[in-house]
Amino acid sequence: MFFVRVGSVVAWLATIGGALKFAIGFFIASSLDRETMIAASKHYFNAANSGEIINESIPVFLFGIVIGILVHIAKNSKT
């Protein structure tokens with residue numbers, strides 16, 4: 001039961017963190033001019049541009065979803 005709870009926390013943190021990083025990357029890409037976008041990407045995320053931020057956030061988000069599904073399966077299995 002301990003690992004199910006830890007997995008649930010990890011799933012929520014990864015999902016929220018990935019979605020937030022995606023949203024920030026999309027905001028940087030859509031609202032700033034090119035020079036400011038590159039400077040903000042390097043300053044806040046140590047990335048070359050906002051596309052790299054978005055590309056790095058998608059696997060984190062999907063990892064959170066997969067762990068969440070596995071936790072849900074573990075909670076519903078009766079042992």
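**Exercises on helix packing and burial**

Lys 21, Ile 24, Ile 28 and Ala 29 of helix α1 meet Met 37, Ala 40, Ser 41 and Phe 45 of helix α2, where contact means heavy atoms within 4.5 Å. The model is predicted, and local features need pLDDT of at least 70, side-chain atom pairs count only at pLDDT 80 or more, and totals for chains, interfaces and linings use all residues. Residues are numbered from 1 along each chain as its sequence is written, and side-chain values use heavy atoms, with hydrogens and water left out.

**Exercise 1.** Describe the packing of α1 against α2.

*Solution.* 
- Step 1: Helices (H or I, at least four residues) are DSSP runs numbered from the N terminus; α1 covers residues 2-31 and α2 covers residues 34-45.
- Step 2: Two packed helices are described by the angle between their axes and the distance between the axes. Axes are lines fitted to C-alpha atoms, for helices over the stretch in contact, with angles from 0 to 180 degrees between N-to-C directions.
- Step 3: The axes of α1 and α2 come within 9 Å and cross at roughly 155 degrees.
- Step 4: The two helices α1 and α2 are therefore roughly antiparallel, a term for angles over 145 degrees.
- Step 5: By class, the contact of α1 with α2 holds six nonpolar residues, one polar and one charged. Here Ala, Val, Leu, Ile, Met, Phe, Trp, Tyr, Cys and Pro count as nonpolar, Asp, Glu, Lys and Arg as charged, and the others, Gly among them, as polar.

**Exercise 2.** Determine which residues of α3 are buried and what covers them.

*Solution.* 
- Step 1: Ser 50, Ile 53, Ile 54, Ser 57, Gly 64, Ile 67 and Val 71 are the buried residues of α3, and their cover includes α1 and α2.
- Step 2: Ser 50 has 4% relative accessibility and so counts as buried. Beyond four places in sequence, Ser 50 touches Gly 25, Ile 28, Ala 29, Met 37 and Ser 41.
- Step 3: Pro 59, also in α3, is partly exposed at 49%. Its C-alpha atom lies 9.5 Å from that of Ala 14, 45 residues apart in sequence.

**Exercise 3.** Classify Ser 8, Ala 29 and Asn 46 as buried, partly exposed or exposed.

*Solution.* 
- Step 1: Ser 8, in α1, is buried at 17% relative accessibility. Apart from neighbours within four places in sequence, Ser 8 is in contact with Val 71 and Lys 75.
- Step 2: Ala 29, also in α1, is partly exposed at 34%. The C-alpha atoms of Ala 29 and Asn 49 are separated by 8.3 Å.
- Step 3: Asn 46 sits in the loop between α2 and α3 and is exposed at 69%. Its phi is near 55 degrees, a positive value in a residue other than glycine.

Key: Parallel < 35°, antiparallel > 145°, perpendicular 65-115°, else oblique. Buried < 20%, exposed > 50% of the residue type's maximum accessible area, 1.4 Å probe, protein only.
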